[in-house]
Amino acid sequence: MQDGRAPRIKNRAPAAVQITAEQLLRDAQERQESQFRAPKQRVEDFEELHEYRGRKREEFEKRIRQTRSSIKEWLQYANWEASQGEYARARSVFERALDVDPRSVQLWLSYTEMELKGRNVQHARNLFDRAVTLLPRVDQLWYKYVYLEELLGNVPGARQVFERWMQWEPDDKAWQAYIKLEQRYNELDRASAIYERWVAVRPEPRVWVKWGKFEEERGKLDKAREVFQTALEFFGDDEEQIEKAQAVFTAFAKMETRLKEYERARVIYKFALSRLPRSKSAALYAAYTKFEKQHGTRSTLESTVLGKRRIQYEEEVAHDGRNYDVWFDYARLEEGALRDLREEGATGEEEERATNRVREVYERAVAQVPPGGEKRHWRRYIFLWLYYALFEEIETKDFERARQIYETAIRVVPHKQFTFAKLWIMFARFEVRRLNLTAARKILGTAIGMCPKEALFKGYIQLEFDLREFDRVRTLYEKYIEWDPTNSAAWIKYAELETQLEDLARVRAIYELGISQTALSMPELLWKAYIDFETEEGERDKVRALYERLIKISGHVKVWISYATFEAEPIPASRAVREEAEDDEEAEIPMVDGDPVRARQVFERAYKDLKSKGLKHERVVLLEIWKAFEEKYGTAEDVVKVQGMMPITSKRRIVDKETGQTVEDWDIVFADDERESNPTTFKFLQMAHAWKASQAKSGGASATALSGFAAAAANSNVQPSGSGGSGQGSSDGARAQIEDDVASSDEED
């Protein structure tokens, strides 16, 4: 390496002892130390038991002395004493821990849990009493305490605990828990008194509303009205307070509505709305509108809510009956009106009228059949049928009518020209929901037979897959592939199904059939899926064979690069090895390392193949990847070797065939191409680029563009003298070529 040339290898014979990657892995596995496992101990008599307990206590005491503030160590110590049946010692440990951190909630809960497991109820009560006295703001302790008392049937004790808790004015959940306790034991007057104390502590609208609803539910209507009136008096007539109390007004009015006191409800609504601006009373106005819908006169209902919008929609559909977006909005309006009536508790007759209005809108809408036979005109129209069927199925529960709607929609669509897979699939899904699998399969089978489509196959396959009918799924995939054998995605999905079922032989057979098809759409996806499958299975030899077959078919540079990368990188171990390692849940998936030597051989084969085909740009891409590979896995000499193969960009003079004039064009020149095509020119080019590199180096400029020929010149030990077989004419031509290349290099610099 003194003159920049690569060292000469004198002995190229193989070494006597060959070391393989498999041998290295085996040696590493054999030299691993076994993991330490604590031996199992068996206690034979009380003397050994006492000795064991003493030793464990010494260990715990030592750990506690080292980390006295660690509650985890204290809990382990106390729980171990409890597991040995030494409750007195466990209590001692817990008490010592409480001296260290008396505000640890986890410590108190573990202490009480230990006592309850040992059926020491009185001890647990004492502990809860101490805990809530010390930590009255921790709701979890109170909940546990109350639950214990109620579990033991000590309702007065639970009530006493709640009374202590309420003195601290806890959050709303605590008050509700107290009220629910009284309700469980039918102490409704006590619950009402608790509500009164609650609103005294938190006079918020939602609390007043809860109290009023409670009084209404237990039949104390006068008391409920008194509660709401008290709330309204509390909030007063101020605009800000009324805005805050909108929920109280709404709840009060709805209660009067439920009691059929419609005039009272109307007065309440008007009183609130008269004192609030429209911008701040949207929710209250919406509630009032709903009230008028249900209990107002017909003229008021039509004028305030639905009348204007219905008139607007009627005008629009009269102007353009095939404006399907307007029909969608019109149908949603009527459906919303129907749902509102149901929520407000409308009578059966009113609900029937609203349902008929929705059906009338849908019937008028689907009667507007699109003109012509172009599918783009039908895309919005078909959704009217789907929404109509869903309305009958979900809202009215009229399943026979929904079935008739689906059947009519299928008759309307001209399936010989186009079809809608969504329509067929939703019809089949409807039959599945009606538990009629035979009809669902018949529908999809008819669709595939009448107008086969990719979406239909996918929907049918997904349906059978959801039903776990894998034999039917296989049959459907076979029909799918028979219909379109060029669809790579179908082959891949079929193979993925068999992979999930762990039928590896069928997976390989499917992939082989797929790649054997003469005409495939995007065959690279199928090849990639096949290679990825074998890679995940850890079958390196089979993957290698697949790459060799793919190279014979395409020979694309990306295939070569993927092949080389596969040889260099590790892959998962074979399935048999992984199944052996599955016993250890914490172990990672075993991997098999790659072979950089094989990868380098693949790069060399790829370079020769692309060179023989004259693909210059592909060779540049390959060399870039090869260089990155050598920087990662190879030595410095390997990197220099690949760098020396890099091309340069040269400007050449060519004669245009159309004009006959000499023009200049850029070309990629490889050193080895020049060496083979014109040895004499290559020698002159070597010297010229070496001289240019030295000039650039002495002048401080970069010569990276000449790295290929410069490296070739540096690594060559042949003098640039004329050689036999090249005459004076060729030397003159070479000199002219050298002058052009040097001139172009000067222009680039």
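Trainee: At what angle do helix H8 and helix H9 pack, and how far apart are their axes?

Mentor: In this predicted model, helix H8, which covers residues 155–166, and helix H9, which covers residues 172–184, pack at an angle of about 155 degrees, and their axes are 11 Å apart.

Trainee: What makes H8 roughly antiparallel to H9?

Mentor: The term applies to angles over 145 degrees, and the angle here is about 155 degrees, so H8 counts as roughly antiparallel to H9. The crossing in which H8 passes H9 is left-handed.

Trainee: Which residues make the contact between H8 and H9?

Mentor: On the H8 side they include Phe162 and Trp165, and on the H9 side Trp175, Tyr178 and Leu181 are among them. Sorted by kind, the residues of this contact are nine nonpolar, three charged and no polar.

Trainee: Why is arginine 119 called exposed?

Mentor: A residue counts as exposed when its relative accessibility is over 50%, and arginine 119 has 74%, so the word applies to arginine 119. Its place is in the loop between helix H5 (105–117) and helix H6 (121–134). The phi of arginine 119 is near 60 degrees, which is a positive value in a residue other than glycine, whereas most residues other than glycine have a negative phi.

Trainee: What makes glutamate 502 count as exposed?

Mentor: Its relative accessibility is 58%, and the cut-off is over 50%, so glutamate 502 is exposed. Glutamate 502 lies in the loop between helix H26 (488–500) and helix H27 (504–515), and its phi, too, is near 60 degrees.

Trainee: Over which residues does pLDDT stay under 50?

Mentor: Residues 700–707 form one such stretch, with eleven contacts in the model beyond four places in sequence, and residues 713–749 form another, with 41 contacts of that kind. For the protein, the mean pLDDT is 80, and 87% of the residues reach 70 or more.

Key:
Residues are numbered from 1 along each chain as its sequence is written. This is a predicted model: local features need pLDDT of at least 70, side-chain atom pairs count only at pLDDT 80 or more; totals for chains, interfaces and linings use all residues. Side-chain values use heavy atoms; hydrogens and water are left out. Axes are lines fitted to C-alpha atoms, for helices over the stretch in contact, and angles run from 0 to 180 degrees between N-to-C directions. Helices (H or I, at least four residues) and strands (E, at least two) are DSSP runs, numbered from the N terminus. Angles under 35 degrees count as roughly parallel, over 145 as roughly antiparallel, 65 to 115 as roughly perpendicular and the rest as oblique. A crossing is left-handed if the near helix is turned anticlockwise from the far one by less than a right angle, and right-handed if clockwise. Contact means heavy atoms within 4.5 Å. Ala, Val, Leu, Ile, Met, Phe, Trp, Tyr, Cys and Pro count as nonpolar, Asp, Glu, Lys and Arg as charged, and the others, Gly among them, as polar. pLDDT is the predictor's confidence in each residue, from 0 to 100. Buried means under 20% relative accessible area, exposed over 50%, partly exposed in between (1.4 Å probe, protein chains only).
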